[in-house]
Amino acid sequence: MATINELTTQDTVVGSDQIVFFSTVNGQTRKAPMSAVLTYVEDNIDNTLEPIPLKSYLLADLPSAVANPYAMVYCLNGNAGAACVAVSNGTAWKVVALGATVS
């Protein structure tokens, strides 16, 4: 089976074009027409731009940074006692300091 880098590219598609979603372990592919994919996305994917709520923690209660690589949380007292956003780099939680008020 081809890897993602070996797949051919296509600049345009039409509604009847078949899209491969995955291949089974024995190499059989599962496909759907592009029009069905677009209908599914329009009906089921909320693409509105809304704020993403972050889960908040006290510093002592932060989950493991190792177990949550690339996660983002709101830490109520993580920047020398001040609130901050924190991002896990896979080893430790890193402070994203809160600056001036958005205006």
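Ser56 has Tyr74 in β4 as its bridge partner. This pair belongs to the contact between β3 and β4, two parallel strands joined by 2 bridges. The model is predicted. Its protein has 1 helix and 6 strands, arranged along the sequence as β-β-α-β-β-β-β.

**The sheet**

- An open sheet is formed by 4 strands, ordered β3-β4-β5-β6, and its pairing is mixed.
- The edges are taken by β3 and β6 (93-97), each of which pairs on one side only.
- Between β3 and β4 the strands run parallel, with 2 bridges.
- Between β4 and β5 the pairing is antiparallel and comprises 5 bridges; here Cys75 stands opposite Cys84 in β5.
- Between β5 and β6 the pairing is also in the antiparallel sense, over 5 bridges, and Ala86 faces Val95 of β6 as its opposite residue.
- In a regular strand, side chains alternate between the two faces of the sheet.

**The nonpolar core**

- The largest nonpolar core consists of 8 residues: Tyr57, Leu62, Ala65, Val73, Cys75, Cys84, Ala86 and Trp93.
- At least two residues of this core come from each of β4 (72-79) and β5 (82-88).
- Nonpolar side chains tend to be buried together in soluble globular proteins.

- Where is Tyr70 placed in the chain? Tyr70 is in the loop between β3 and β4.
- Tyr70 is not a glycine, yet its phi is positive, at about 70°.
- Tyr70 counts as exposed because its relative accessible area is 70%, and the cut-off for exposed is over 50%.
- Ala80 sits in the loop between β4 and β5, two strands that form a hairpin with 2 residues between them.
- The phi of Ala80 is near 55°, again a positive value in a residue other than glycine.
- Ala80 has a relative accessible area of 83%, so this residue is exposed.

**Surface**

- Which residues make the nonpolar surface patch of about 300 Å²? The patch is made by Tyr40, Val41 and Ile45.
- Ile45 is located in the loop between α1 (34-44) and β3 (56-57).
- Ile45 counts as partly exposed because its relative accessibility is 47%.
- For the protein, the accessible surface comes to about 8400 Å², and carbon and sulfur atoms account for 58% of this area.

**Overall figures**

- The protein has 103 residues, of which 14% are buried.
- Taking contacts between residues at least 6 apart in sequence, 11% join residues at least 24 apart.

How values were computed
Residues numbered from 1 in each chain as written. Predicted model: local features only at pLDDT ≥ 70, side-chain atom pairs only at ≥ 80, totals over all residues. Heavy atoms only, no water. Patch = residues over 30% accessible without salt bridge, like charges linked within 9 Å, V, L, I, M, F, W, Y side chains within 5 Å. Areas by Shrake-Rupley, 256 points an atom, 1.4 Å probe, with all protein chains shown as cover. Salt bridge = Lys/Arg side-chain N within 4 Å of Asp/Glu carboxyl O. Buried < 20%, exposed > 50% of the residue type's maximum accessible area, 1.4 Å probe, protein only. Core = buried A, V, L, I, M, F, W, Y, C linked by side-chain atoms within 4.5 Å. Pairing = 2+ DSSP bridges. Contact = heavy atoms within 4.5 Å.
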